[in-house]
Amino acid sequence: MKFCIENFGCQMNEHDAEKMSSLLTRSGMERINEAKDADIVIVNTCCVREKAEQKFYSLMGRLRSLKRRKGVILGVTGCIAQSEKEGIGERLPYIDFSLGPSSIHRITEAVEHAVRKTRFFDFSDNGCTASLVVEPGNPCKRIKAFVTIMKGCNNFCSYCIVPYVRGREVSRDSRDVLREIEDVAEKGAKEVTLLGQNVNSYNKGRDDLPFPDLLKAINRIGGIERIRFVTSHPKDLSPGLIDCFGSLDKLCESIHLPFQAGSDKILSLMNRGYSAEEYLRKIRLLRERCPDIAITADCIVGFPGEGEEDFERTMDLVSEVRFDGMFSFVYSPRKNTAASGLPGAVPREVALERLIRLQAAQKSITLEHNRSMEGRVVQVLVEDRSRNSEDEVMGRTRTNKIVNFRGSPDMVGSLVEVRITKGYANSLRG
Ligand code: SAH
Ligand code: SF4
Ligand code: F3S
């Protein structure tokens, strides 16, 4: 049987899709890209903003008619499944199975039920880590491996649905994590990215390696050349972790550190647990320790109660930090979250206008960063052949910037020195 996975959402979700894919492949099924040629279509969902949800429901409309015409098996997994639970089976009566993010390791079972024409649902979240383990033989991304070290989130930022759909924080045992990284290293991985909603609170309150010590242990694993992690919360960015930058040779000079807002009033309403000045202080410490570090972030505009002055504080923070890149979003109310009940909704056109100003400011900062790379020689891990040209390859710098340059496919997987000749808005040429 042929299956296809339509994936939405964050890197955790992408990794979950890879896990389901490897489980189904191991039980003899074949993964293909086109839903129209598949026997089974799995939609792995995200509900972090309303837009993601809308995309899902419009896709389901199309898949429904595919099911009518060809009788494909349809399954819904991921965060929308978890937030709707059994309700998803009522709302979408034509789906065959649905699994929450903590149950994706049961994907083969779910498909087997569907083949026998019985519906299968599992949204339990008992804090077990079975869904986090990479299956042996997972082709994953051969050169760049992703390893989940923890799941869930205890932070309850007032706007965010993630703690409700991914549950409380649970860390995997460091021995299991290290064994898995040794395994992917043996299979040829050069880079490992540690995944979790809030990786720097890994093992908080547990009698196991704290996050900086985990990084040190990974730094000793032969074959691994680069270590990255996402995502970090500013309040848990400890001095011990800051010290790892610049002292662990394999830890890349790059960090994604969402700040969300520059106004202390809004940060407090968001329940973020730090002030703008505390955030800036951590940025200064990171740069003292590691001057070349590339810093990226997420930011929300139009949070309830955000006045023009509050938004100006966000603009100030962005021009002070000069991020290498930033993802910014208009606030989207999510059901059951604390912020959805707050007064002071910002009109959509005001929020959109702020978003445009913010993105324009960031775009020119990113471009300046990229242009300042011109003439420098940097280490690049070659990931793939280029999509645009036969005799080009693409890779990333340690600071996580994309570089396209002349090269042959046999360079894929190697670390090379590249001279940057041009910096663009979203990539570099070398
Ligand atoms: N665990 C990560 C990622 C959370 S979701 C973290 O804490 O950084 C990714 C980003 O989506 C968040 O950083 C935030 O900027 C944005 N986001 C989350 N909920 C949102 C909402 N209700 N409306 C708009 N953006 C939101
Ligand atoms: Fe959501 Fe905040 Fe947790 Fe990130 S830290 S997942 S934004 S609640
Ligand atoms: Fe979306 Fe769930 Fe990730 S809501 S951002 S897929 S944790």
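Good morning. Because the model is predicted, local features need pLDDT of at least 70 and side-chain atom pairs count only at pLDDT 80 or more, while totals for chains, interfaces and linings use all residues. Residues are numbered from 1 along each chain as its sequence is written, chains are lettered from A and ligands numbered from 1 in the order in which they are written, and side-chain values use heavy atoms, with hydrogens and water left out.

I begin with the annotated cysteines. An unreviewed UniProt entry carries the annotation "binding site" at C10, C46 and C79. UniProt positions are in the numbering used here, feature names are shortened, and annotations may be inferred rather than shown by experiment. These three residues spread over 70 residues of sequence, yet they cluster in space, with a largest C-alpha distance of 10.6 Å.

Where does C46 lie? It is in the loop between strand 3 (40–45) and helix 2 (50–70). Helices (H or I, at least four residues) and strands (E, at least two) are DSSP runs numbered from the N terminus. C46 is buried, with a relative accessible area of 12%; buried means under 20%, exposed over 50%, and partly exposed in between, with a 1.4 Å probe and protein chains only. Leaving aside neighbours within four places in sequence, C46 is in contact (heavy atoms within 4.5 Å) with F8, G9, N13, A52, E53, C79 and I80.

C79, by contrast, lies in helix 3 (residues 79–84). C79 is buried, at a relative accessible area of 9%.

A residue is counted as near a molecule if one of its heavy atoms lies within 4 Å of it.

Next, ligand 1. Which residues come nearest to ligand 1? Of the 14 residues around it, they are R49, Q197, Q260, D298 and S332. An N or O atom in the side chain of R49 is 2.9 Å from an oxygen atom of the ligand. For Q197, a backbone N or O atom lies 2.8 Å from a nitrogen atom of ligand 1. A polar side-chain atom of D298 is 2.7 Å from an oxygen atom of ligand 1. Taken alone, ligand 1 exposes 540 Å², and the protein buries 88% of that; accessible areas come from the Shrake-Rupley method with a 1.4 Å probe. Strand 13 (294–301) and strand 14 (325–330) each supply at least two residues of this shell. The shell of ligand 1 divides into seven nonpolar, four polar and three charged residues.

Finally, UniProt also places "binding site" (unreviewed entry) at C153, C157 and C160. C153 is in the loop between strand 8 (150–151) and helix 6 (162–166), and C157 is in the loop between strand 8 and helix 6. C153 counts as buried at 10% relative accessibility, and C157 counts as buried at 9%. Not counting residues up to four places away in sequence, C153 touches P163, G167, R168, E169 and Q197, whereas C157 touches H233, M270, N271 and R272.

Note on methods:
Polar contact = N/O pair within 3.5 Å; in protein donor to acceptor, adjacent residues only side chain to side chain. Nonpolar A, V, L, I, M, F, W, Y, C, P; charged D, E, K, R; others polar.
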